[in-house]
Structures are given as structure tokens and as C-alpha cells.
Amino acid sequence: KEVSHWVDSIGPSGLAIEVGPLAHGTMNAALLEDTRQIVLTIVNYLDARNQALLNEAQQTLNAMTPEQRATHADFDPATARFVPVELAPKSVIPDGIVADGTTLRHLDYYHMVNPLLFPASATTLATVPQLSTQLSDLAKSGELSRATAEKLGTALETLVATPVRETIVHADVEFKDWMVLAENTALFQSTTGSGEVTPFQRAVHAPLVTDESAKLYPVFINEAAYQNSNMAMWIVKDAQYSLY
């Protein structure tokens, strides 16, 4: 797949584990242990599945004639075993790989829907369109070079992305990562003293989710690394992946 600045893009099936929520430069014993258990579960699963694939393939090879083996597999003189990658059946997935001994037949996970930005302030909404029009007029009249107008236009786009903030995450949502987000839950509250509250509305804040029965959750609420992008949180939904 396409390589990005993330390390997990190096392989064809990368996996990243993001730990949090946690303040930068700090550690949390419970989160550290949770992360360790996640890593061990992943490694145990991969090892169990690889062993099952190899054992199944080896049994298939043992029933073959030498001529058939040479056609379908490579012989590894170091282990005196055949490694028939192309013969490994994709359906072989071992049972009982979960830590508590239960059989894992599907994987429950959260699918990222879209981010939620802090609402743009009234000042930004009123000022940016006026400045954009003035820049365009100056460039057309020749009073401002096109290059300079483009640079200022880029600065305006940055202003839209990181506007003067007049709202904060509402107290009813703060620290409520992974809690179901109900309709009309208070999302943002004004810092101007007006008492204005922005409620969650699925049609507005998660328009891509057409299934009204799908449960939505806020995550990465007030994540420090997202502040420069004016991002308040992410919206995710339940999903399930079948392993068979």
C-alpha cells in the first residue's frame, strides 16, 4: 500500500496502537498494562495462525509425491521442511486464541466517521469573506500582485482552519470518550458569557452515517495534538469484521 509518514505503512497490512487519552509527557500504569496486553494478544494471534497455516500445509505436502512437492513448494534445507506459501489455506484460523480462552470468530471495532471542529466564531465568519473579496478586487485592479494575493489568501485559509475560538467542549462531554453520543447532547458551550450551547445533531455532525440505529461515540476529546487543527474530537461508530 502507499507509504506515508506512519511506520505501519511500511508493510502490506500495517497496524498502529494509539494509547490515550493521556497528557503529553506523562505515563499511566493502567494504560501501559492495557497496551501490553493488546500487543501480546496480537502477537499470540499471529503466531497461532502462522503455526496453523504451516501445519496444515505441511500435512498436505506430506501426502504429495516428491515431484508434486517440487512443483508447489520450496524446500528449506535448514529445517528440512517445505514452506508452501501458495498452499497455505486462508481459511485456517485457530480457535481459542483470546486471552480468556474463548473462540474469536469476529472482531468488534470502532470505525472513524469524521472529525468535529470547534464552531467558527462570529468574528471569523463575518471577516473572512470580506477580506477574500477585497483581496480578489485588489489583484484584479493591479494594486496587489497575484503572488502576494495568493499568499494572503493562504493566510486566510489558515485563519478559517484555526479561528479565534469562542467555544469550548461542553462539560457534559469532556472526559466522556467512548460513551454513546445521544441526540441533542451538549457538545460545545460559549466562552463569551452568552450561555449559548451547541447540541449534537446526527444529521449535522455525522451526516455520512445513514443507519439511524448505529451508535456513535466521541473520542480524542480535546486532544492536545489536534488543537492547531481546530479539531475538538472525532466521531466513531460500532463495526464488526468477520474472521471467517
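This report describes aromatic pairs, strand pairing, a salt bridge and a nonpolar surface patch in a predicted model.

## Aromatic cluster

A pair of aromatic rings is described by the distance of the centres and the angle of the planes. The structure holds four aromatic pairs. One of them joins Tyr-110 and Trp-178, whose ring centres are 4.8 Å apart and whose planes stand at 45°, a tilted arrangement. This pair links distant parts of the chain, since Tyr-110 belongs to strand S3 (residues 106-117) while Trp-178 sits in the loop between strand S4 (167-169) and strand S5 (186-190), 68 residues apart. Tyr-110 has a relative accessible area of 38% and is partly exposed, and Trp-178, at 40% relative accessibility, also counts as partly exposed.

The ring of Tyr-110 also pairs with that of Tyr-217; because the planes meet at 80°, with the centres 5.2 Å apart, this pair is edge-to-face. Here too the pair links distant parts of the chain, with Tyr-110 in strand S3 and Tyr-217 in strand S7 (residues 216-219), 107 residues apart. Tyr-217 has a relative accessibility of 7% and therefore counts as buried, the cut-off for that class being under 20%. Taken as a group, Tyr-110, Trp-178 and Tyr-217 are linked into a cluster by ring pairs.

## The sheet of S3, S8 and S7

Strands S3 and S7, which carry Tyr-110 and Tyr-217, belong to an open sheet of three strands in the order S3-S8-S7, with antiparallel pairing. Both S3 and S7 are edge strands, each pairing on one side only. On average, and with direction ignored, neighbouring strands of this sheet are turned by 35° against each other.

The antiparallel contact between S7 and strand S8 (residues 231-242) is made by four bridges. Within the strand pairing, Pro-218 stands opposite Ile-235 in S8.

## Strands S4, S5 and S6

Strand S5 pairs with S4 in the antiparallel sense over three bridges, and three bridges also join S5 to strand S6 (residues 197-199), again in antiparallel fashion. Gln-189 of S5 takes part in both contacts, as the bridge partner of Ile-168 and as the residue opposite Val-197 in S6. Four of the five residues of S5 are buried, so this strand is largely enclosed by the rest of the structure.

S5 and S6 form a hairpin with six residues between them, and in its turn Gly-193 has a positive phi of about 90°.

Side chains of opposite charge can pair when their charged atoms come close. The structure holds one salt bridge, formed by Arg-36 and Glu-33, whose closest N and O atoms are 3.0 Å apart. Both residues lie in helix H1, three residues apart, which corresponds to about one turn of the helix. Arg-36 counts as partly exposed at 44% relative accessibility, and Glu-33 falls into that class at 33%.

## Nonpolar surface patch

Leu-15, Ile-17, Val-19, Ile-38, Val-39 and Val-43 make a nonpolar surface patch of about 480 Å². Of these residues, Ile-17 lies in the segment before helix H1 (29-62). Ile-17 has a relative accessible area of 35% and is therefore partly exposed, a value that also meets the requirement of over 30% for residues that make up a patch.

Conventions
Residues are numbered from 1 along each chain as its sequence is written. This is a predicted model: local features need pLDDT of at least 70, side-chain atom pairs count only at pLDDT 80 or more; totals for chains, interfaces and linings use all residues. Side-chain values use heavy atoms; hydrogens and water are left out. Rings of Phe, Tyr and Trp (its six-membered ring) pair if their centres lie within 6.5 Å; planes under 30 degrees apart count as stacked, over 60 as edge-to-face and the rest as tilted. Helices (H or I, at least four residues) and strands (E, at least two) are DSSP runs, numbered from the N terminus. Buried means under 20% relative accessible area, exposed over 50%, partly exposed in between (1.4 Å probe, protein chains only). Patches are made of residues with over 30% relative accessible area and no salt bridge: like charges are joined within 9 Å, nonpolar side chains (Val, Leu, Ile, Met, Phe, Trp, Tyr) within 5 Å. Accessible areas come from the Shrake-Rupley method with a 1.4 Å probe; for residues, only the protein chains shown count as cover. A salt bridge is a side-chain nitrogen of Lys or Arg within 4 Å of a carboxyl oxygen of Asp or Glu. Two strands pair if DSSP finds at least two bridges between them. Axes are lines fitted to C-alpha atoms, for helices over the stretch in contact, and angles run from 0 to 180 degrees between N-to-C directions.
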